[in-house]
Amino acid sequence: MLKFLLQRLATLVPTLFFVSVLIFGLQQLLPGDPAIALAGEERDPETIRYLRAKFHLDEPLPVRYWHWASGVLQGDLGESVRIQKPVTDLILEKLPVTIQLATMAMLIALVIGITAGVISAVKKDTWWDYGANVFALWGLSTPNFWLGILLILLFAVELGWLPASGYVSPFEDLKGNLAAMIMPAFVLGNAIAAVLMRHTRSAMLQVLSSDYVRTARAKGLEERVVILKHALRNALIPIITLGALEFGTLLSGAVLTEQVFSIPGFGKLIVDAVFNRDYSVVQGVVLFTATVYVTLNLLADLAYFLVNPRLRV
Amino acid sequence: MAAVVLDQIQAAPGRKALRRLARRGGAMLGFAVVVFFVLLALLAPWIAPYDPVATNWSAIRAAPSAAHWFGGDELGRDVLSRIVWGTRASILAGVVSVSISLALGVPIGMLAGYVGRWIDSLISRITDAMLACPFLILAIALAAFLGPSLTNAMIAIGISATPVFIRLTRAQVLNAKAEDYVEAARALGNPHLRIALRHIFPNIVAPLIVQATLAIAAAVIAEASLSFLGLGQQPPAPSWGSMLNTARNYVDQAPWMAVWPGLSIFLLVLSFNLLGDGLRDALDPRHK
């Protein structure tokens with residue numbers, strides 16, 4: 001276990017190093033003088049001078065990277081040129097909203113995806129199976145911002161059941177919060193449900209044809225017990241890793257979903273930063289996302305290792 | 001003579017795969033819809049009933065009618081004409097982005113897989129780093145730094161999708177390298193470049209084609225997403241993503257402005273997904 005953990009951690013360090021180089025390198029894509037580009041449209045000479053000194057722009061590239069990376073290692077992701085606030089504070093401020101959205105989306109995706117996947121595998125080559133596959137294709141092919149607009153049209157404009165956009169804190173009004181978040185969460189969970197359905201179906205088909213399931217059936221166990229207790233429990237193991245991998249899809253999707261529903265989360269932070277040319281925020285958000293993603297992957301690997309006894313032999 | 005026989009033997013699996021593909025209704029439907037959209041993009045000047053950027057006061061948010069089948073937008077431009085012209089941006093983005101990914105990903109993946117050692121470790125770590133940044137977020141960041149335009153969006157999407165091709169090519173090369181025919185080619189004294197290009201590459205093309213088809217679907221959605229956020233095709237040039245962004249503000253007054261561009265993205269992406277799934281099943285019969 002310790003050896004496995006150390007091996008994984010050993011690959012994590014260079015990966016994060018290259019992530020930081022990549023994100024630092026983004027700044028080099030800015031045409032012309034980065035200080036002028038970073039200063040925004042006003043091009044205030046004072047701001048330009050300040051930025052040049054702050055980012056050590058007169059120094060060689062490796063030195064600039066060193067200054068930037070040492071700041072990052074101390075939790076300093078830079079400062080927003082627009083809002084004049086540390087990027088770390090901005091991220092931590094917006095993160096709870098996106099975490100709520102992502103958690104609700106993942107729950108919706110798990111319920112729909114795993115249920116559809118199990119039904120599809122158990123009733124292979126029937127209309128249930130075809131229906132579930134059509135659902136998966138629909139989920140994978142529908143742009144979530146379009147689905148969001150269609151749901152707003154149906155549930156907010158036509159039926160008037162849910163608010164079209166906006167956000168209420170759950171601590172102020174839990175019912176209002178859930179009403180505002182349910183549509184975006186469904187929109188975000190839709191594509192992941194499709195991926196989970198396909199993986200659950202294929203894992204279930206594999207497990208259902210294995211010897212121990214045949215033995216369980218031969219023992220005369222109820223089909224429900226065979227499917228839920230013997231087959232699904234084993235088929236779910238790879239889903240753990242997949243859940244972590246889908247975190248990237250969740251965050252990417254959150255950018256668009258939060259934009260459609262005007263939710264002031266992490267995704268909206270990066271979009272606003274892009275439009276305000278607040279490049280430090282863009283860099284900070286990408287770096288933060290990548291670090292969380294890599295860490296979640298490590299945790300998923302560990303969980304996979306723990307729940308799969310064969311890997312421990 | 002021997003070369004002809006060898007060609008026939010090599011062509012046989014390809015023909016078999018095509019026959020398997022032709023038997024798949026979903027894949028054929030996907031292919032037909034893709035062809036339809038490609039024709040739409042190529043023949044846009046002749047098919048579109050109006051100039052896609054021409055405004056018309058009498059057609060502002062006009063409901064679908066005989067004059068404007070898909071209605072009018074917020075400036076009175078014909079939605080159908082903008083959909084037809086918008087096909088160009090989507091198809092172009094899909095094909096160009098994936099070409100960039102292939103042009104970068106395949107040689108780098110082959111280098112990593114074939115040479116191995118520290119080069120493989122270095123490339124693998126860089127690939128891991130790129131994969132650690134979620135695809136769309138990396139594309140948004142790249143597009144933001146490069147500046148908003150369709151060309152930059154295509155570059156951003158292409159670069160963001162490259163690590164998947166590096167990883168796939170590397171894995172395929174590692175598998176192929178262990179095969180007897182590569183051993184034989186090496187034993188005959190073939191130079192490395194020739195082994196990689198003439199012996200390994202043709203044998204790893206099938207999974208690359210499948211991945212490229214599915215990647216086009218993802219690239220079409222990514223371009224629409226970037227345009228929706230204002231980082232892709234710039235107005236007034238038509239793009240399905242930017243049309244949806246505008247439509248969001250008029251969803252209660254002119255819902256048709258949102259329905260048609262979204263439906264077009266959905267159909268094109270669905271078709272590439274159907275075709276990709278069909279190709280995967282046809283080229284790798286073990287996959288079901």
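**Close-up views of a predicted two-chain model**

**View 1. B:Val84 sits in helix α4 of chain B, which covers residues 79–115.** The model shown here is predicted. B:Val84 has 25 other C-beta atoms within 10 Å. A residue counts as buried at 20 or more, so B:Val84 is buried. Which residues does B:Val84 contact, once neighbours within four places in sequence are left aside? They are B:Leu40, B:Ala44, B:Ile47 and B:Ala48. Look at B:Leu40 and B:Val84 together. They are 44 residues apart along the chain. Their C-alpha atoms are separated by 6.2 Å.

**View 2. Chain B is built with helices and has zero strands.** Count the helices: there are 11. Read along the sequence, the pattern is α-α-α-α-α-α-α-α-α-α-α. The C-alpha trace of chain B spans about 75 × 45 × 30 Å along its principal axes. Chain B has 288 residues, and 50% of them count as buried. Now take the contacts in chain B with a separation of 6 or more. Of these, 69% join residues 24 or more positions apart.

**View 3. B:Val220 is one of the residues that touch the most other members of the largest nonpolar core.** That core holds 170 residues. B:Ala139 and B:Ile140 share this place with B:Val220. What does B:Val220 touch, not counting residues up to four places away in sequence? Its partners are B:Ser90, B:Ala93, B:Gly94, B:Ile265, B:Leu268, B:Val269 and B:Phe272.

**View 4. Helices α8 and α10 of chain A pack with their axes 8 Å apart.** Helix α8 covers residues 174–208, and helix α10 covers residues 223–235. The angle between them is about 130°. Angles over 145 degrees would count as roughly antiparallel, and 65 to 115 as roughly perpendicular. The pair α8(A) and α10(A) is therefore oblique. The crossing of α8(A) past α10(A) is right-handed. From α8(A) come A:Thr200, A:Ala203, A:Met204, A:Val207 and A:Leu208. They meet A:Ala231, A:Leu232, A:Asn234 and A:Ala235 in α10(A). Seven of the residues in this contact are nonpolar, two are polar and none is charged.

**View 5. Chain A meets chain B through 36 residues of chain A and 36 residues of chain B.** Which helices of chain A each supply at least two residues to the side that touches chain B? They are α1 (2–26), α6 (127–141), α7 (144–158), α11 (237–260), α12 (266–275) and α13 (279–307). On this side of chain A, 29 residues are nonpolar and seven are polar.

Methods:
Residues are numbered from 1 along each chain as its sequence is written. Chains are lettered from A and ligands numbered from 1 in the order in which they are written. This is a predicted model: local features need pLDDT of at least 70, side-chain atom pairs count only at pLDDT 80 or more; totals for chains, interfaces and linings use all residues. Two residues are in contact if their C-beta atoms, placed from the backbone, lie within 7 Å. Helices (H or I, at least four residues) and strands (E, at least two) are DSSP runs, numbered from the N terminus. Ala, Val, Leu, Ile, Met, Phe, Trp, Tyr, Cys and Pro count as nonpolar, Asp, Glu, Lys and Arg as charged, and the others, Gly among them, as polar. A nonpolar core is a set of buried Ala, Val, Leu, Ile, Met, Phe, Trp, Tyr and Cys residues joined through C-beta atoms within 7 Å. A residue is buried if 20 or more other C-beta atoms lie within 10 Å of its own, exposed if 12 or fewer, and partly exposed in between; C-beta atoms are placed from the backbone. Axes are lines fitted to C-alpha atoms, for helices over the stretch in contact, and angles run from 0 to 180 degrees between N-to-C directions. Angles under 35 degrees count as roughly parallel, over 145 as roughly antiparallel, 65 to 115 as roughly perpendicular and the rest as oblique. A crossing is left-handed if the near helix is turned anticlockwise from the far one by less than a right angle, and right-handed if clockwise.
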